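Work through the exercises below with the model open beside you, and try each task before you read its solution.

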Amino acid sequence: MKHLCVAHRGFSGIAPENTMAAFRLALEQPFVHWIELDVQLSKDGVPVVIHDFTLERTTNGTGRVKDLDWKELQQLDAGGWKNAEYRGEKIPSLAQVLDFCRGRVSLNIELKTAGDMYPGLEKAVLREIMMRDMEGEVVLTSFERAAIRHTKELAPEIRTGLIIDARPDDLAKQLEKLQCSFLSMGYPRLDRSLLKNLIGHGITVMAWTVDDRRIMRRLSALHPELMICTNWPDRWEQAFLHSKHRLWHYIRNLFR
């Protein structure tokens, strides 16, 4: 299937983002091929899955993720903000997510950092991946180019990708210099010529974050290998699988 479906922070349209509930729900959808998630470090160096640098938006805690140790983070409710049904959901560790997803789905793991906020983040994440022999099931991505370079220094064989919401003229050269084979790009920046150039250079491209079915279909016309990242994987199904089903019925009825 072209236009692979990437569940953004799990099935985060329904379940609280970056929780086991969101990842479980994503994996219940047979058309989800990838899950995107974000990783930071606790105060005591545990890779934890959460997007914001601060706790207020997606938990009942306050302050910065990096200032609490793993045990303290585990006391927080990371689900009640979304829906009472999910009250009690915890911030998962990367280890928990890897154990759950291993052999079932590919993972786009964003190294969520800024500057030197998280010394040791790349090493800690790679350790969890390598302990499980999951090097072939992941891509490590980041806005932070230093994090990408450090990842490659530690593990030259690991697949890496740049996240960008801009469109420099020499983007393919930048990716080559970073040794990236993956690009995560804000979807309004994409067009047919850019995709043809990047994919022609061996780059896998993912568009983020697309929740409108019409935009999904418009993007699909740009290139058949474009990956689509969405908070609502069911809308991906409606945009592609259902439309193909209707087309098949239409063609079949023409010959009746």
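**Exercise 1: a covered helix**

Task: find which residues of H1 are buried.

Solution. In H1, the residues Met20, Ala21, Ala22, Phe23, Leu25, Ala26 and Leu27 are buried, where buried means under 20% relative accessible area, calculated with a 1.4 Å probe and protein chains only. Helix H1 covers residues 20-27, and seven of its eight residues are buried, which leaves the helix mostly covered. As the next step, look at the partners: the buried residues of H1 pack against strand E1 (5-8), strand E2 (32-41), strand E3 (47-49) and H3. Helices (H or I, at least four residues) and strands (E, at least two) are DSSP runs, numbered from the N terminus.

Before going on, note that this is a predicted model, in which local features need pLDDT of at least 70 and side-chain atom pairs count only at pLDDT 80 or more, while totals for chains, interfaces and linings use all residues. Residues are numbered from 1 along each chain as its sequence is written, and side-chain values use heavy atoms, with hydrogens and water left out.

**Exercise 2: two helices that meet**

Task: describe how the axes of helix H3 and helix H4 cross.

Solution. Two packed helices are described by the angle between their axes and the distance between the axes. The axes of H3 (residues 94-101) and H4 (residues 121-131) come within 10 Å and cross at roughly 30°; axes are lines fitted to C-alpha atoms, for helices over the stretch in contact, and angles run from 0 to 180 degrees between N-to-C directions. That makes H3 roughly parallel to H4, since angles under 35 degrees count as roughly parallel. Then list the residues: Leu94, Ala95 and Leu98 of H3 make the contact with Val125, Glu128 and Ile129 of H4, contact meaning heavy atoms within 4.5 Å. Sorted by type, the residues of this contact are five nonpolar, no polar and one charged; Ala, Val, Leu, Ile, Met, Phe, Trp, Tyr, Cys and Pro count as nonpolar, Asp, Glu, Lys and Arg as charged, and the others, Gly among them, as polar.

**Exercise 3: one residue in the contact**

Task: decide whether leucine 98 is buried or exposed, and find what it touches.

Solution. Leucine 98 lies in helix H3 and is buried, with a relative accessible area of 0%. Leaving aside its neighbours within four places in sequence, leucine 98 is in contact with Leu107, Ile109, Glu128, Ile129, Arg132 and Met134. Leucine 98 and isoleucine 129 are 31 residues apart in sequence, yet 7.4 Å apart in space, C-alpha to C-alpha.

Note on methods. Angles under 35 degrees count as roughly parallel, over 145 as roughly antiparallel, 65 to 115 as roughly perpendicular and the rest as oblique. Buried means under 20% relative accessible area, exposed over 50%, partly exposed in between (1.4 Å probe, protein chains only).
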